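Please keep the sequence and the model in view while reading.

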Amino acid sequence: MNAPVNPKKLIKGGLHDWEVVIGMEIHAQVTSRSKLFSGAATAFGAEPNAHVSLVDAAMPGMLPVINEECVAQAIRTGLGLKARINLRSVFDRKNYFYPDLPQGYQISQYKDPIVGEGEVLVDLADGESITVGIERLHLEQDAGKSLHDQSPNQSFVDLNRSGVALMEIVSRPDLRSSEEARAYVTKLRTILRYLGTCDGDMEKGNLRADVNVSVRRPGDPLGTRCEIKNVNSIRFIGQAIETEARRQIAILEDGGRIDQETRLFDPGKGETRSMRSKEEAHDYRYFPDPDLLPLEFEQAYVDDLAEGLPELPDAKKARFVSEFGLSAYDAGVLVAERASADYYEAVAKGRDGKAAANWVINELFGRLNKEGRGIEETPVSADQLGAIIDLIGEGVISGKIAKDLFEIVWSEGGDPRRIVESRGMKQVTDTGAIEAAVDAIIAQNPDKVAQAKEKPTLLGWFVGQTMKATGGKANPAAVNALLKAKLGIE
C-alpha cells in the first residue's frame, strides 16, 4: 500500500508531476584497530601497501579469522538503529573480479546478516519528521583501491583498504526527496559517531553511499531504479539524486524506458553516466564461505553490549527539551554532534538552560562556523563561557559587555571574572550616575523628547544614546526604567 504523496515533494516534468523514490546503501567503515579477518592495521594515510597482511593479499593457504571487535561494533550499531540482532549469521563469498580484489571474491553476508530490520527517525528543516526503515546491516570486507593517475600507461593497486571491515546499512525505499536523503545520511552519521562505531569521515572514504533512484507517477508502482555508486559527500548525494531523477523523467516523458544499471555521478559536469548494467544477486554466485563457520553468540552477549551504549541523539534531544526547557529545534542543533552536546551540558549545568543554549548556538557556534572550526577546536572552554553567563546573571556585566568579554576570551583566553575586574568592565548600576547621563541627553534633545511622547518607540533611540554615553556599561534595565519615568512613557 502506497504512503500518502506529499505534493511539495513532487518534481514537475514537462508533462506530469513525478515522485522520486530513493533507497540508500551506506558503507560505513568500522572503527577498529585491525581489519575484519586479519591483524593488519586500519590507520589512514599510510604508504601504499604498507598495511597488507598475507590474508589481505590472498596468498595461498591463508585463512580468515574473524575480528570480535568488528562483530561487537556491528551489534552496537544495530542496537542504535533499534534493529533486530540476529544471534546467528553467515558469511558468504560474493564472486566478482577486480584488480583491487585479490581473492577474486568479497567476504560479505547475504541471506543471513548480523542485523535485521530497524529504523531511523529523521528530522527535516521544516519541522516535519520521517521514519526511514532499515532493511538490514551486514558485515563485509572492503576492496583495495586502483590508482589510474600515477602513470600515463599503467594502473597501480593499493591494498591498504583491502580487508578493512565495512558495515553495509541498507534502507528501505522510504525517501522521497534529495532533502530527505541528505537529512537521513546526516542523522545516520550522527548515530554512528555517538556509538563510536564509525567516524563518518566522508573525505577519507570512511562513509560512502550507493544511492538507488527511481521515479514514478504518484500512485503508480515503483519504477525501474538506477544505482549511483560511491557518492562521498552529503552535498553530492543531493545533487546526484536531483540530476538522476530529472534524467529519468526526461527519458520517460520522451516515450523511452529506464534501463536498470549502475551509474556514477560527476559533480564537475553535474551529470550521471552509465558504468555497467546493474548486477543481480545471482550474478555474484553467492555461497557460504567454507573457511568461516556461522557466527553465533548468546543474547547475554548482546545485552552486555547494550548496557554499555551511550545516550543516543533522540534520547538526548528529548532530555534537553524536558530538563532544560529548550525548543525541539535548539535541542536538535545541540545534539547533532556528541561533542557539541557534551559542551552544552557542561555550560548549562546549574545555570539557565535557555540562556546557555543561546550563547552556545548563537555566539559560540556562530563564531566557530565563521572560522571553519569544529567544537573540538574552540578557544573558549565550557567553564569560561559558563563564567560569562554567570556574570550576566549576577548583574556584574550587561549583555553587550558580555559580547565584548567573549571576544577577549576568544582571542586572548583568561578568566572572565579577572578580565572584568582588571579592565573595568563592570556595568554601571549606580542610578545616580545613570540618571545624570539620562538628564543630559534629554536636555540636549528637546525635539526628540516631544516626539517620544507621541511615538513611544523612540525610547530605543534614548536608550542607545545613554548606553553610548556610559561606554555601554550602564545597566540596561535601569536605563529603561529611568527613561520611561522621565519621558512619561508607560
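A residue counts as buried when its relative accessible area is under 20%, as exposed when that area is over 50%, and as partly exposed in between, with a 1.4 Å probe and protein chains only. The model is a predicted one, in which local features need pLDDT of at least 70 and side-chain atom pairs count only at pLDDT 80 or more, while totals for chains, interfaces and linings use all residues. Residues are numbered from 1 along each chain as its sequence is written, and side-chain values use heavy atoms, with hydrogens and water left out.

Isoleucine 389 counts as buried because its relative accessibility is 9%. Isoleucine 389 sits in helix α9 (residues 382–393); helices (H or I, at least four residues) and strands (E, at least two) are DSSP runs, numbered from the N terminus. Leaving aside neighbours within four places in sequence, isoleucine 389 is in contact (heavy atoms within 4.5 Å) with Val347, Arg351, Ala355, Ala356 and Trp359. Proline 152 is 237 residues from isoleucine 389 in sequence, and their C-alpha atoms are 61 Å apart.

The chain is divided into domain 1 (23–213 + 280–303), domain 2 (311–423) and domain 3 (431–487), with bounds that come from an automatic or database domain assignment. Between the C-alpha centres of domain 1 and domain 3 the distance is 66 Å.

A nonpolar core is a set of buried Ala, Val, Leu, Ile, Met, Phe, Trp, Tyr and Cys residues joined through side-chain atoms within 4.5 Å. The largest such core has 104 residues, of which Met24, Ile114, Tyr184, Val211, Ile237, Tyr344 and Leu364 touch the most other members. Helix α2 (residues 178–195) gives the most to this core, nine residues. Domain 1 and domain 2 each supply at least three residues to this core. Apart from it lies another core of 18 residues, including Ile441, Ala452, Met467 and Ala474.

Which residues does isoleucine 237 touch, not counting residues up to four places away in sequence? They are Met24, Ala181, Val185, Met202, Ala209, Val211 and Val231. Valine 231 belongs to strand β12 (residues 226–231) and, because its relative accessibility is 4%, counts as buried. Aspartate 210 and valine 231 are 21 residues apart in sequence, and 6.4 Å apart from C-alpha to C-alpha.

Helix packing comes next. Two packed helices are described by the angle between their axes and the distance between the axes. Axes are lines fitted to C-alpha atoms, for helices over the stretch in contact, and angles run from 0 to 180 degrees between N-to-C directions. Angles under 35 degrees count as roughly parallel, over 145 as roughly antiparallel, 65 to 115 as roughly perpendicular and the rest as oblique.

The axes of α2 and helix α5 (residues 313–324) come within 10 Å and cross at roughly 90°, so α2 is roughly perpendicular to α5. Here Lys187, Thr190, Ile191 and Tyr194 in α2 meet Pro313, Asp314 and Lys316 in α5. Helix α8 (residues 353–370) and helix α10 (residues 399–412) pack at about 40° with their axes 12 Å apart, and α8 is therefore oblique to α10. In this pair, Trp359, Glu363, Leu364, Arg367 and Leu368 in α8 meet Ala402, Lys403, Phe406, Glu407 and Trp410 in α10.
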